[in-house]
Every structure is written in C-alpha cells, then in structure tokens.
Amino acid sequence: MYNLLEKQYESDSMTNITSGVVGKMSMKLLNDRASPLSQLWTRIQTSFEELWPNQFSFHQNDNPIVSVKQNFDELLIPHHHPSRSRNESYYLNRHLMLRTHMTAHERELMRQGFKRFLIAGDVYRRDEIDRTHFPAFHQVEGVSILSLKELSNHSANFLHNSADANVIKLIDKACEAGQLEHDDRGLLKMALLDLHSKIDGLLRKLFGNVDIRWQETYFPFTQPSLEAEVFYKDRWVEVLGCGILKTSIVQAPLQEDGKIDHIAWAFGIGLERIAMILHDIPDIRLFWSHDRRFKDQFVGGNNSLHPSGHPVKFVPFSKYPPINRDISFFIPSQSDFHPNNLYEIVREIASDLVEDVKLVMGP
Ligand code: FA5
Ligand code: MG
C-alpha cells in the first residue's frame, strides 16, 4: 500500500509512478489563469463557439487516474501494444494508471448522452526528453456523432469548401482502404470532410494563415486515421491525431431495427505544441516553470493576445549557457534495458533541468 495525493493505493509489480510525476499532477495548469495552456483551452472553446455556435459542449477532467480498461481495453488497444508497457506508461498498479490520452474519456461522455463535445485534461507518458516531448502534457479531445440522415442531407459542396485538392485525394484514398465498418463510402467521406473542416477551421482561427499538412496514420480505435502537421520554423510539427471511430467504441442508441444510424469522428490535439508555436515558446518544460519571468509574460494578456489580436511572443530570459555532460556505462548483454528507464532516473535526479538526453550505443 502507498499514499498518493491523500489516497491509498495497492502496489504491485506494475507500480512505477514516480515522485516527479506526482508533483506535476498537483499543478493543475488548466486551472491556472496565468498559464498559456489554460488560455489556449479557453481560446479553443471560444473559437468553436464562434465558428459553430451551440453545437459542442465543453468539459474538463482534472483527475488523470483512470482504469487500464478505460485507457486501453475499451479502445481496442492490443495486449502487446508498446504503449501498455511499464516502459511507456505510468501505473499505480495492475488496474489503475495515469491516462496517456484524453480518448480514455470518450465513452463515458457518450454514455452520458453527449453527441458533440470537447474535453481537456493532463495526460502522462514515459517519453523521451527533448524540447517537444515531456512526460506530462495536455490534450483536448473532440468527438462528433453524426446521424447518417444528417450526413446525407449535407451538401458535399459545402463541406468541400475548406479542403484543397490534396486533402480530398487523401480522404478518397483513406476511404477506399479495406476493412472499413461503414460500407457507404460516400457517407464516410462526408464524415471525414466534416472532421477536416472543423480542425482546419480551428487551426486557422488560432494561427491565421498557416501551412497544414495531412497524412494517413494508424490508431487502434479509428479507421481511417489521419494526423495533421503545422509548418513552423523550417519544420513540420505534428499537432494532432484524428479519425473515424470504430463502431464498437461509439456509445449511441441504434435504430429500432438494430441498424447503426450514425458515424462518429474524433480528434486529439496536443495543447503544448500549439501554444509553443503561437507564442514562440522554445521549450516544453517552461510551461511547468514556477519562474515569474515566464508566468508574468502571459498574465494580463487578454487570453494571451495583444490588443492587436496577435499572440504574445515569449521573450527568453535565461542568462546561463547550456552545459554538456557525458555519462557512459555498460549494459550486460542479457539485460532488458530500455532507454526510458534511464530518462526516468535522469528526471528523478536532475528534475527538469536536463534539456536533452542523447543515447549513443557503443559497438
Ligand atoms: C493520441 O494520443 C490519440 N489519442 C489521438 C486521437 C484521438 C486519435 C482521437 C484519433 C481519435 P498521439 O499519441 O499522436 O495520439 O498524440 C496526440 C497529440 O498529442 C500529438 O499530435 C502531439 O501534439 C501531442 N503529444 C503526444 N506526445 C506528446 C509529448 N510527449 N509531449 C507533448 N505533446 C505530445
Ligand atoms: Mg502521433
């Protein structure tokens, strides 16, 4: 047994939660009005409301502890999937874990009857250490359940508005792939175009004119699956994953004859990546900083916007140059060494001061 934020939990062979990550759990950045992350969450809600009034409900879940069932099993994530390993996720014990994505809350909201919603929260992954990856970050998940009737009434031309020829080609290709659960490819395409128009609308509202690139990807719970990247400072940054939810995941009533009469799409956006681009924030760790030199730059800004409407740009303040350190060690040939375990030790000892860990394997 052990205590975590004033509650008792049974420990077992899966337990791997660390004090560093528990410290992050209590920061609740989405409730801190001075955090660019909470300001961005507000902007996402107002953007949705302005673009598609009264269509979506907005939710926030501040408790990242979920069951393994919610985070993985119910989302069809196979038992051998690497994200289930102790090397990639934080476990309280065999049954409970820190959510690795906000997709973990989709089913409960659908079960409560919500059809179109956004939900934000903090998520946790044992990940690599660099400027754009951190073991704690925030996601906004969006879901829309569209009735088939509604979809067939939509004018294809209207939905095509935001999609250029490349996107339409990609969507056509994604809809052709085998094993799709909805056999009307036309309606499936309409649903994907609707998803595209919502994400495209949001990204353009946030960034203004920006280069967005779409490509096909894989998630166990969606098919087809797509991801979007935004061009920023000479490179493409992945900002979100999305797709058409598999039918067994969607929690919505069926028609009287038992037929499925809906198609649902979902997306998951990383808030840090978007805020970094909007405000020129060079390092993801700064969001967790208690340093007033960081926080004061965003206080008082109207949702981190200048009166001109442009996002406040971050002004760097560190006067210390970086220092490089080499550490070398031997790994026995039979060991089950995983680099994430080394990163975890680095984090435990040096907290967030270490900017980048590069692993160089010897011959
Ligand atoms: C997911 O988490 C899926 N649940 C998204 C999804 C939802 C797909 C609904 C389909 C339907 P992914 O692991 O790619 O996907 O993460 C989504 C976004 O979170 C990424 O695009 C990125 O913006 C952000 N992200 C992922 N890992 C990190 C990290 N370590 N640090 C900061 N941001 C991250
Ligand atoms: Mg991804």
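**Close-up views of the predicted model**

View 1. You will find Asp 234 in the loop between strand 9 and strand 10; strands here are DSSP runs of E, at least two residues, and helices are runs of H or I, at least four, numbered from the N terminus. This is a predicted model, where local features need pLDDT of at least 70 and side-chain atom pairs count only at pLDDT 80 or more, while totals for chains, interfaces and linings use all residues. Residues are numbered from 1 along each chain as its sequence is written, ligands are numbered from 1 and chains lettered from A in the order in which they are written, and side-chain values use heavy atoms, leaving out hydrogens and water.

**View 2. Asn 54, with positive phi.** Phi of Asn 54 is near 60°. Asn 54 belongs to the loop between helix 2 (36-51) and strand 3 (57-60), and is exposed, at 70% relative accessible area.

View 3. Gln 223 and Pro 224 are joined by a cis peptide bond, with omega about -5°. Pro 224 lies in strand 9 (residues 222-232).

**View 4. Polar atoms around ligand 1.** A side-chain N or O atom of His 101 is 3.0 Å from a nitrogen atom of ligand 1. A polar side-chain atom of Glu 238 lies 2.6 Å from an oxygen atom of ligand 1.

Terms used: A polar contact is a pair of N or O atoms within 3.5 Å; within protein, one must be able to donate a hydrogen and the other to accept it, and residues adjacent in sequence count only if both atoms are side-chain atoms. Buried means under 20% relative accessible area, exposed over 50%, partly exposed in between (1.4 Å probe, protein chains only).
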